[in-house]
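Subject: Structure handover

Hello,

The structure we discussed is below. My notes on the helix packing follow it.

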Amino acid sequence: MKRSVWKAPLAYQFRNLLFSGLIVWGILILLPVLFFLGLSLFEPGEEFSYGGTETASMIFCFVWGCTSWRDAFHLGLAGGVPRRVLYGSALACVAAMSILFAPISLLVTFLTGQLPTSDIVPMFAYIYGGKAQIAAPYADINFLLQGMVWQAGISLFLSCAGLFLGCLYYRISRWLRILLTIAIPVMLFVGVPTLLSFLPRDGVQELIRAALSILGNSWMTAGLCAVLGALFAAFGWISARNAALMRNPQPSASAG
């Protein structure tokens, strides 16, 4: 495959990602600043805590994964780009985004934590860091590296899962998309707890301990998320490979 074939899709994806990322990170910096200013006006001297930067970053990765194939596909129809190049560009973009957003979110947390009377620490410090890391989360370089690996792994899984859903949604009918949109959160927030209620109490406790032991180890979390992300990426390609044939009734070079 010629390099020029990859150049336009990759540039298109990363340009959109840069623009969207600047907006997201601007909002994430602005929120605690506005919160601090409001509190300083109405409750001067009151301390405040703010978290969720890493969570917002991971949610953005998932949403971007959901929309990246649609944008890439429209570019392919206009330029006759092969589907494998479009999907490879989207996958490369979400993978790079997952890795780069971890240190960026940590930097944003650090910058917003410099506000007076603020208590802002990385989310992963609460999950597996202990009291020492929560008190001084930026004192240990190894701790920060483990936290970035932890966040990058989860972001990679979410972005690949979003890419799979985006490819799947683009192929199925409107009513099936509506049905899946309702069924997925219902299954996660109602179906799973209901299923757990029928399991033996000891079995549920063992499942919780196993989940916490994985989340408590950044390398185990990243490894498991990488495997699951690869599976979703493979399933996404299975759905995407025939999308051009279904959506474009005219013979096209994108059928390659």
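**Helix packing**

Helix α3 crosses helix α5 in a right-handed sense (right-handed means that the near helix is turned clockwise from the far one by less than a right angle, left-handed that it is turned anticlockwise). Of the residues in this contact, 18 are nonpolar, five are polar and none is charged (Ala, Val, Leu, Ile, Met, Phe, Trp, Tyr, Cys and Pro count as nonpolar; Asp, Glu, Lys and Arg as charged; the others, Gly among them, as polar). The axes of α3 (residues 83-112) and α5 (residues 141-171) are 8 Å apart, at an angle of about 150 degrees. Axes here are lines fitted to C-alpha atoms, for helices over the stretch in contact, and angles between N-to-C directions run from 0 to 180 degrees. The pair α3 and α5 is therefore roughly antiparallel (over 145 degrees; under 35 is roughly parallel, 65 to 115 roughly perpendicular, and the rest oblique).

The model is predicted: local features need pLDDT of at least 70 and side-chain atom pairs pLDDT 80 or more, while totals for chains, interfaces and linings use all residues. Residues are numbered from 1 along each chain as its sequence is written, and side-chain values use heavy atoms, without hydrogens and water.

Helix α3 also packs with α8: their axes come within 11 Å and cross at roughly 150 degrees. These two are therefore roughly antiparallel as well, and their crossing is right-handed.

**The helices themselves**

The chain has nine helices and two strands, taken as DSSP runs numbered from the N terminus (helices H or I, at least four residues; strands E, at least two). Their order from the N terminus is α-β-α-α-β-α-α-α-α-α-α.

With 30 residues, α3 reaches 42 Å between its first and last C-alpha, close to the expected 44 Å (1.5 Å times one less than the number of residues). It has a kink of about 30 degrees at F101, shortly before the proline P103; the bend is the angle between axes fitted to the seven residues ending there and the seven starting there.

Helix α8 (residues 218-240) has 23 residues and should span 33 Å; its end C-alpha atoms are 32 Å apart, which agrees.

**Burial**

Of the 256 residues in the chain, 35% are buried (under 20% relative accessible area; exposed is over 50%, partly exposed in between; 1.4 Å probe, protein chains only). Buried residues of α8 include S218, C225 and G229. W150, in α5, is buried at 2% relative accessible area. Its C-alpha atom is 4.5 Å from that of S218, 68 residues away along the chain.

Regards
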